[in-house]
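Take a moment with the sequence and the fold below.

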Amino acid sequence: MSHSILHTVNQSPFTHSALQQCLCYAQESDSILLLENGVYGALLKHSLADKLSGKKCYAIEADLKARGLLGQELTPHIELIDFIYFVELTTQHKLVQSWY
């Protein structure tokens with residue numbers, strides 16, 4: 001287990017500041033997971049997309065699908081994952097910080 005933090009963001013960056021706040025605190029060794037409405041942060045067209053560059057970023061594929069976003073242009077470096085890998089991420093990090 002590393003000493004890093006898994007930051008989970010479940011709010012849309014179009015309506016909430018959770019992702020912006022997360023980015024202020026996330027360190028280079030941390031990971032960011034977008035889930036629920038937070039997956040809107042995986043879209044290339046939002047203002048914080050460039051700030052996710054260089055960070056380890058993940059998004060729940062089922063949440064993107066549920067919101068009809070899989071056909072949209074996504075930020076290229078965000079890895080789409082399933083819920084099983086979400087659980088694995090929680091075990092690979094020392095802490096989980098939820099932003100909501």
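This is a predicted model: local features need pLDDT of at least 70, side-chain atom pairs count only at pLDDT 80 or more; totals for chains, interfaces and linings use all residues.

Residues are numbered from 1 along each chain as its sequence is written, and side-chain values use heavy atoms, with hydrogens and water left out.

Five strands form an open sheet in the order 4-3-2-1-5, and the pairing is parallel. Strands here are DSSP runs of E with at least two residues, while helices are runs of H or I with at least four residues; both are numbered from the N terminus. Two strands pair if DSSP finds at least two bridges between them. Strand 4 (79–81) and strand 5 are the edge strands, since each pairs on one side only. On average, neighbouring strands of this sheet are turned by 25° against each other, direction ignored. For that angle, axes are lines fitted to C-alpha atoms, for helices over the stretch in contact, and angles run from 0 to 180 degrees between N-to-C directions.

Now find strand 1, residues 5–9. Four of its five residues are buried, meaning under 20% relative accessible area; exposed means over 50%, and partly exposed lies in between (1.4 Å probe, protein chains only). Strand 1 pairs with strand 5 (residues 95–99) in the parallel sense over five bridges. There, Val9 stands opposite Trp99. Strand 1 also runs parallel to strand 2 (residues 31–34), joined by four bridges. In strand 2, Leu6 has Ser31 as its bridge partner, and His7 has Ile32.

How does the chain get from strand 1 to strand 2? Strand 1, helix 1 (residues 18–25) and strand 2 make a right-handed β-α-β unit. Right-handed means that, with the strands pointing away from the viewer, the path from the first strand over the helix to the second runs clockwise.

Next, look inside. In soluble globular proteins, nonpolar side chains tend to be buried together. A nonpolar core is a set of buried Ala, Val, Leu, Ile, Met, Phe, Trp, Tyr and Cys residues joined through side-chain atoms within 4.5 Å. The largest one here has 19 residues, and Val9, Leu19 and Ile32 are among those with the most contacts inside it. Helix 1, strand 2 and strand 3 (56–60) each give two or more residues to this core. Helix 1 gives the most, with four. A second, separate core has eight residues, including Leu33, Leu35, Tyr58 and Ile60.

Beyond its neighbours within four places in sequence, Val9 is in contact (heavy atoms within 4.5 Å) with residues including Leu19, Cys22, Ile32 and Trp99.

Now the cysteines. The structure holds zero disulfides, a disulfide being a pair of cysteine sulfur atoms within 2.5 Å. Cys22 is buried, because its relative accessibility is 0%. Cys57 is buried too, with a relative accessible area of 3%.

Finally, turn to helix 3 (residues 83–92), where Ile84 sits. Is Ile84 buried or exposed? Its relative accessibility is 61%, so Ile84 counts as exposed. The C-alpha atoms of Ile84 and His7 are separated by 17 Å, and the two residues lie 77 residues apart along the chain.
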